[in-house]
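Me: Please take a close look at the inside of this protein for me. I would like one connected account of how it is packed.

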Amino acid sequence: MNTPTAWTPHEWRRDTSWWDDLTVPDGVRESYPTVFDWLAEMAPDPLEHDYVLYTDGSGCVKGWGGYAAVIQKIDMVDGTRAVVDARTIVNGTYGSTVQRCEMNAFLDGVHSILSERAGEVKDAAKVSQEELYHIAEVGGALNCLSGADRPTILWYNDRANIAQALLFDVNGDALHSRNKDRDLWMRWSMMARHACITPMCRPRNTIEGQATCDALAGEGRKLMMGAWEAFASHTQQIHPTDKWQKKKPQSAHF
């Protein structure tokens, strides 16, 4: 079986080897206000990435939540790199936590990017029908995304613990544990080797795209809250109506 020809990305895009070599040196926390100030100085320019991903999550004590992602695609336009496409993802939740909303926004955004990128690589490589069957048998189109073909993603967020869990020190240890929401981290582990992430945490609503996500996530949450009577009408036998308006725990046990 022949290996499909690698897809060649446009010039001025930072090579994926930069992310393979990225480690946070000892002493960074002592030298900088946050590790993300150091990363901002070291990281490729936003336009040197393939995508810029903004995310945010929203929640309330009664259990209603929402999350959103804005995805900007970077490509060549008249000899320079620029945003060539943008799309959004918006979801509403009930009975979740803000932390899970935040992480689901990230995971859904990366999933959307990988889906698009895998199709581009596969099409550009002119994969035969026989090769497509082989790819599906050994893990699907994601197997097209390896080495230099992995998309590079600048991720703006305001959740430092999640962002730090995507950065590693010189010993290969994550800067923050992944003990919470382990099911979601398992989902990430399936995608992790096919993408290169620059996890840039910034204070809430200080980045325009992230502020847009904050607003979208809030709207998603409010729409869910506004529909509680309709939900209650369908669940009278299994979920007492008054429970829809009561406070729900905002913590997860694993």
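Reply: Accessible areas here come from the Shrake-Rupley method with a 1.4 Å probe, and for residues only the protein chains shown count as cover. This is a predicted model, in which local features need pLDDT of at least 70 and side-chain atom pairs count only at pLDDT 80 or more, while totals for chains, interfaces and linings use all residues. Residues are numbered from 1 along each chain as its sequence is written, and side-chain values use heavy atoms, leaving out hydrogens and water.

Let's start with the whole. The protein has an accessible surface of about 13,100 Å², and carbon and sulfur atoms hold 51% of that. Of its 254 residues, 43% count as buried (under 20% relative accessible area; exposed is over 50%, partly exposed in between, with a 1.4 Å probe and protein chains only). You will find nine helices and five strands (DSSP runs numbered from the N terminus: H or I of at least four residues, E of at least two). Read from the N terminus, their order is α-α-α-β-β-β-α-α-β-α-α-β-α-α. Among contacts (heavy atoms within 4.5 Å) with a separation of 6 or more, 73% link residues 24 or more positions apart.

Leu39 takes us to helix H3, residues 35-42, whose buried residues are Val35, Phe36, Trp38 and Leu39. These four lie on the same side of H3 because they cover an arc of only 150° around the axis, taken from the directions from the helix axis to the C-beta atoms. In general, an α-helix has 3.6 residues a turn, so residues three or four places apart point the same way.

For contrast, look at Lys62, in the loop between strand E1 (51-59) and strand E2 (64-77). Lys62 counts as partly exposed, because its relative accessibility is 30%. Setting aside neighbours within four places in sequence, Lys62 contacts Tyr94, Gln245, Lys246, Lys247 and Lys248.
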